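Hi everyone, thanks for coming. Let me put the structure up on the screen, and then I'll walk you through it.

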Amino acid sequence: MVQNAWELVDAFFDEYNLVDHHIKSYNDFVDHRIQDIIDIAEPIVLEQGEYSIKTGNLSIKNPFIKEADGSKSDIYPTQARLRNLTYSAHMYLEMSLIKGGEEQEMENVYIGEMPVMLKSKICHLNGLNEAELEADGEDPQDPGGYFIVNGSERAIVTMEEIAPNKIILERIGEKEDRRARAIVTSIKSGFRARINLEYRKPRKKGVFLRISFPYVPGEIPLVVLLRALGLETDKDLVNSISEENDIQFLLIDDIQTSEITNNYDAIKYIGNRVAKGMTEEYRIKRAEDVIDRYLLPHIGVEPDKRTEKATYLAEMAEMLLQVIFDKREPHDKDHYANKRLRVSGDLMEDLFRVAFTSLTRDMTYQLERSLTRGKEPSVKQAVRSDVLTENIKHAIATGNWVGGRAGVSQLLDRTSYMGTLSHLKRVVSPLSRSQPHFEARDLHPTQFGKICPNETPEGPNCGLVKNLAILAKISEGSDSKELEDVIKKMKIVNPI
Amino acid sequence: MQGILKKISQINFGLLSPENIRKMSVTKIVTPDTYDEDGYPIEAGLMDPRLGVIDPGLRCRSCGSKGGDCQGHFGHINLARPVIHVGFADTIHKILRSTCSNCGRVLLTESEIAEYKEKIGTKHQNEESINDIVKEIYTVARRDKCPHCDEDKEEIKIDKPVSIVEGNYKLTSSEVRERLEKVNEDDYILMGINPDVAKPEWMVLTVLPVPPVTVRPSITLETGERSEDDLTHKLVDILRINQRLKENMEAGAPQLIVEDLWELLQYHVTTYFDNEASGVPPARHRSGRPLKTLAQRLKGKEGRFRSNLSGKRVNFSARTVISPDPNISINEVGVPEMIAKEVTVPVYVTDWNMEDMKEHIENGPEIHPGANYVIRPDERKIRVYDETKESILEKLEPGYVVERHLMDGDIVLFNRQPSLHRMSMMAHEVKVLPYKTFRLNLCVCPPYNADFDGDEMNMHVFQTEESRAEAKSLMRVQEHILSPRFGGPIIGGIHDHISGAYLLTREGSEFEEDYVYQMIKKSNLPFPEPKNKPWTGKEVFSLLLPDDLNMVYRAEICRKCDECLRQECKNDAYVVIEDGQLISGAIDEKAFGAFSGKILDSIVKDYGTDKAREFLDSATKLAISGIMKRGFTTSTADEEIPQEAKERIEELLNMAEKRVEQLIEAYHNDELEALPGRSLRETLEMKIMQVLGESRDKSGEIAESYFGMDNHAVIMALTGARGSMLNLTQIAACVGQQSVRGGRIERGYSKRTLPHFKEGELGAKASGFVHSSYKEGLDPLEFFFHAMGGREGLVDTAIRTAQSGYMQRRLVNALQDLSVQTDGTVRDNRGIIIQSKYGEDGVDPAKSDYGKVADIDRMIEEMRIKSKAK
């Protein structure tokens, strides 16, 4: 049996590269995610809608370089390393100016450069055989999966995070304290909204179940939020959460404590929080806006998703109360099912989103300027490609990512071949290394087969910096809409 | 020597009054600029020449001293409006809260005042802290009504960092100052203010002292550009706003603008003192770097206190990698010639050493016993060069000081960080050796906690005779053989010294006389009379022992039999020394090992440290000779056990696992009886742990029974040289239960550790029992559980070192001034008694017998032997 197993391992490596997770993720980023970001970006509108810009398809050319004498030539990684250049591809975006509702022809505009991951789809080395690689000055054994920025090799380390869009239940203190919280980190196109539902004995008077979410200062009672989401009657409210008696009694307490009985009052209550001291009209509008956009955005940001959100929150509350009543075990935060790995493609996505926003902002500014000068606006002139290029390049070159995270990209370890491989398989946890976090540092049984049990640094980073197992693969995730359609087609569940 | 020596008898802490600030100031600063176009400092500017000089050569306009000698002079800024000092904001708030805004009395009744004053008076008399009383007063004096004038008291809150709010009205700094002025002077002491040195209104600044330029020197960059210190930048800001505020006020600007500027002035003064105050955005440099202002200079690890006052960089020190040298004495340290030529010892030239010193100078800085500098009686330092040699030699006379190279026999301080106890810094004698590492005797590894995997150590050379003498008598290695930690030796034989001594002295070891003489010669022992027949190892070892040494003890190899056969012990573990002759028993860790060497301990206590050093130097060399004669090696072959043993172990483990299954079944059938104070589940866990633990121990015993004393791994484990029987058990028989945080492994998938098991499985294997031995190899699941247990250990060591370092620091800070006085009391620096008798028993653990005053049993036994011998 032991001998045969090695053949399986060989077969695995016939199919997959050691750094497949990086390359696949980057390919996915290049193929779909860039286009998605561009498509959902807010369009540029000038002069109260007189002018606007429409974007079309993005195209990426394989890496080439414009020399000082104006000649263009393909650039290969070795050349980039030796000449301290950036191995990056030029991106072109179809754009057209709409003037007074009249659309002009699409232009293909150069918007900037994107650093290219070695051996990815848009890399010259993609699919080359050993002899060809050698001819291009590459080590045929080199796994790729990193970038070359200003001649230095930068690897993007994989980030571990707590699973987003998933309810995580945890107990606060001991079982006897009867305190618990449910947390969801809801992510919608880069925007992270952390929802925190807590069950806690109020200090003087007040409700037990309180919830906090972005843009609302402090905590608000869950029952009020559910009312604001459309669960108006007490009966609806209680039944939607649970059918169990003891849980319902708890809710009734909360309902009686909070004096709000209808939808309008509830929205007004939230409005008083988010826009204190404004006109009532504005307060209501603002409250509805906040609920739609910042509460559980992964479900949707449209007003008609409120019922769905209410159901989700009700479910969440039931789970939380079950923990309180000891009918359900809280989640194990270190369980690898509750973790997600953000690979280079995901991190590049964050970066590109911010860089692209700053490009559109700059374009707006440039267009406005040419308008005030009385010139006819032109898309080609408005695009300053350096904005996008420099934004992305700077982040990869320094490791200072958007959102203030440092050390995301690191100088690729070339002390040995194994060092390089290990570096490309590295996974870091965002937990601070100064605190003990004993449990998070332990080797968790769910890491079996996924994370190497042996390789972790000694010292303050012990157990927080991990390495992928040799045979581990990371899936890219798929479109949730597609999945939903399949499930619906199978008629397994009834839509709510 | 210039300057006047003064002895500080007292340091008083108080507040600077505005008058004081003005009095000590040499100039008023008004201009926010520093230098004019020509690069000259502007008068009444922040770089006013009267504030002192930095450039050497120039003379100070205030005191006339040269640059470097002038320590600088303060200036002052008259603030247009008063400003609260951040450091005192809390105190101001407390004072205002506890005093009446109308009559200025503290909110205590007359009787309370009298009572507290008396309490404070007694505390003063006893030189005790009044902090507790003041704290109490601050809580008591929170009344709604003034007991003196019946004025209603409104609540006063502090809005961090410096705003004082009364009710809903924010008091201006002027109002705060007015109120503080109103506070009755008689009540000061009740609020912890000493009226002799401070008045509360001085906590609101009207005048700001400007530190001398020596405190904030500007640096000239290579480009010729001047770059100012952060403090200067901040002072410029203050001056600018102050100026604008003054102008606006004079021009009668609207109240709103004045208040805004006032706020701004407050901000600048606040950040000038502390740029990390909570609630204030830090003032930044143009580059976005936060400014380093007064508080930042003092605070934290890189601050003045921890970095410059508690810790300093020194000259005459060296650092390099360490390596072992068994041939030097424990008192010595091998110093590379390169270092010896760099660090020097100052020697006063006298008539008697004149020739010697001349030779050193002749050798110059390049040839080893040479000299680098000569200091003339007028304190001029002259470097010794080939060119200057001649003239120095000519002029050399008594009174000169020659800084000569480090030589054999010099006393130096040797240290390895972390310096956790006093044995981390000991005085060694120098032995100048070739190559580039410090060499040290292996016996001093335990006190330094050193090994040779790349460790580096520091060496410091004493520069005065007094320090040398003190170090030689107090800090020499031989004075530290006994640890004050447990009253036993901390310096002693390690590893091969122990196995060597065992091989030398165990029953049946015999050596030809010629080899014995070789060993004796190597160990620097006096030659004994020839015997003309082979020597036993015990006879050889006896040569080391003092002639009148008598002792009995059980060696490390003692198996703790139920009935001790004493001298007839089959393990040769009953050591008897009669009049310096090793009669029975083998020598092992208990004899002269670090931490537990009994013979070594006796020698230090009864014969003094010189003898002990000689004993240790010789004993280790003898042991090495003993091990070299025989040869010593180990490999996994040492842990080989016959098939029969493997089968027995297998059977035993299977039995244990079956037993565990039974326990689990009993648990499921509710037949298990809970232990007192434990739940059923806990009982099960405990029982399983117990069964599995026992089975591992038993399997170890089986493996052990096949090992003999001819097995090197076993010799090492049993004599205490290295490793333990548990290590051998794990290699040969069974690794045993892996644990995370004290229990079996439970975490993982829901209801099971790994998907390889059934849900709810509680068996031995599913919870991390490793059935295999290291030698056999672990299966993947066992390997993973083993990695889990191993990870816990790694995390623990990583976290523990950081935590214990911090704990040590706090402990040292708290206890640093305590000392034992001649009367046996422990007192702090004020002379206050901490313990009326040191350790409550007055025992110095270093001189005690493992913590006790004396071991009576041992003494009786020794006397018995002594009398028997006679």
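So, what pLDDT does chain B average, and what share of its residues score at least 70? This is a predicted model, and chain B averages a pLDDT of 89, with 99% of the residues at 70 or above. For the model as a whole, the scores are ipTM 0.90 and pTM 0.81.

Let's begin where the two chains meet. On the chain A side, 17 residues are in contact with 16 residues of chain B. What kinds of residues does chain A bring to that surface? The side touching chain B divides into 8 nonpolar, 5 polar and 4 charged residues.

Now to chain A itself. Chain A has 496 residues, and 34% of them count as buried. Its C-alpha atoms fill a box of roughly 75 × 75 × 50 Å along the principal axes, and the chain contains 16 helices and 19 strands. If you take contacts between residues at least 6 apart in sequence, 63% of those in chain A join residues at least 24 apart.

Please look at the strands around residue 180 of chain A. Glu170(A) stands opposite Arg181(A) of β12(A). On to the next pairing: β12(A) is joined by 9 bridges to strand β13, residues 191-199, again in the antiparallel sense. There, Ser186(A) has Ala193(A) in β13(A) as its bridge partner. β12(A) and β13(A) form a hairpin with 2 residues between them, and Ser189(A) in the turn has a positive phi of about 35°.

While we're on backbone angles, here is some background. Most residues other than glycine have a negative phi, and most peptide bonds are trans. Lys119(A) is worth a click: its phi is near 70°, a positive value in a residue other than glycine. You'll find Lys119(A) in the loop between β7 (107-115) and α4 (130-135) of chain A. Is Lys119(A) buried or exposed? Lys119(A) counts as buried because it has 26 C-beta neighbours inside 10 Å, and the cut-off for buried is 20 or more.

Chain B has a case of its own. Phe316(B) is not a glycine, yet its phi is positive, at about 55°. Phe316(B) lies in the loop between α9 (304-309) and β8 (317-324) of chain B. With 18 other C-beta atoms within 10 Å, Phe316(B) is partly exposed.

Also in chain B, the peptide bond from Gln417(B) to Pro418(B) is cis, with omega near -5°. Pro418(B) has its place in the loop between β14 (411-415) and β15 (425-433) of chain B.

How is chain B divided up? The domain assignment gives domain 1 (20-73), domain 2 (84-203), domain 3 (215-312), domain 4 (317-480), domain 5 (496-630) and domain 6 (637-795). The centres of domain 1 of chain B and domain 3 of chain B, over C-alpha atoms, are separated by 19 Å. Their contact takes 7 residues from domain 1 of chain B and 10 residues from domain 3 of chain B. The domain 1 side of this contact divides into 5 nonpolar, 2 polar and no charged residues.

What about the nonpolar cores? The largest has 114 residues, and Val335(B), Val540(B) and Leu600(B) have the most contacts inside it. Helix α19 of chain B, residues 598-630, gives the most to this core, with 12 residues. Leaving aside neighbours within four places in sequence, Val540(B) is in contact with residues including Leu504(B), Phe511(B), Trp535(B) and Leu622(B). A second, separate core has 51 residues, among them Ile23(A), Tyr26(A), Ile156(A) and Leu367(A).

One last stop: an open sheet in chain B, with 3 strands in the order β25-β26-β27 and antiparallel pairing. Why is one side of β25(B) and of β27(B) left without a neighbour in the sheet? Both stand at the edges, each with a single partner strand, so one side of each has no neighbour there. β25(B) pairs with β26(B), residues 826-827, over 2 bridges, and Ser819(B) stands opposite Arg827(B) in β26(B).

Key
Residues are numbered from 1 along each chain as its sequence is written. Chains are lettered from A and ligands numbered from 1 in the order in which they are written. This is a predicted model: local features need pLDDT of at least 70, side-chain atom pairs count only at pLDDT 80 or more; totals for chains, interfaces and linings use all residues. pLDDT is the predictor's confidence in each residue, from 0 to 100. Two residues are in contact if their C-beta atoms, placed from the backbone, lie within 7 Å. Ala, Val, Leu, Ile, Met, Phe, Trp, Tyr, Cys and Pro count as nonpolar, Asp, Glu, Lys and Arg as charged, and the others, Gly among them, as polar. Domain bounds come from an automatic or database domain assignment. Two strands pair if DSSP finds at least two bridges between them. Helices (H or I, at least four residues) and strands (E, at least two) are DSSP runs, numbered from the N terminus. A residue is buried if 20 or more other C-beta atoms lie within 10 Å of its own, exposed if 12 or fewer, and partly exposed in between; C-beta atoms are placed from the backbone. A nonpolar core is a set of buried Ala, Val, Leu, Ile, Met, Phe, Trp, Tyr and Cys residues joined through C-beta atoms within 7 Å.
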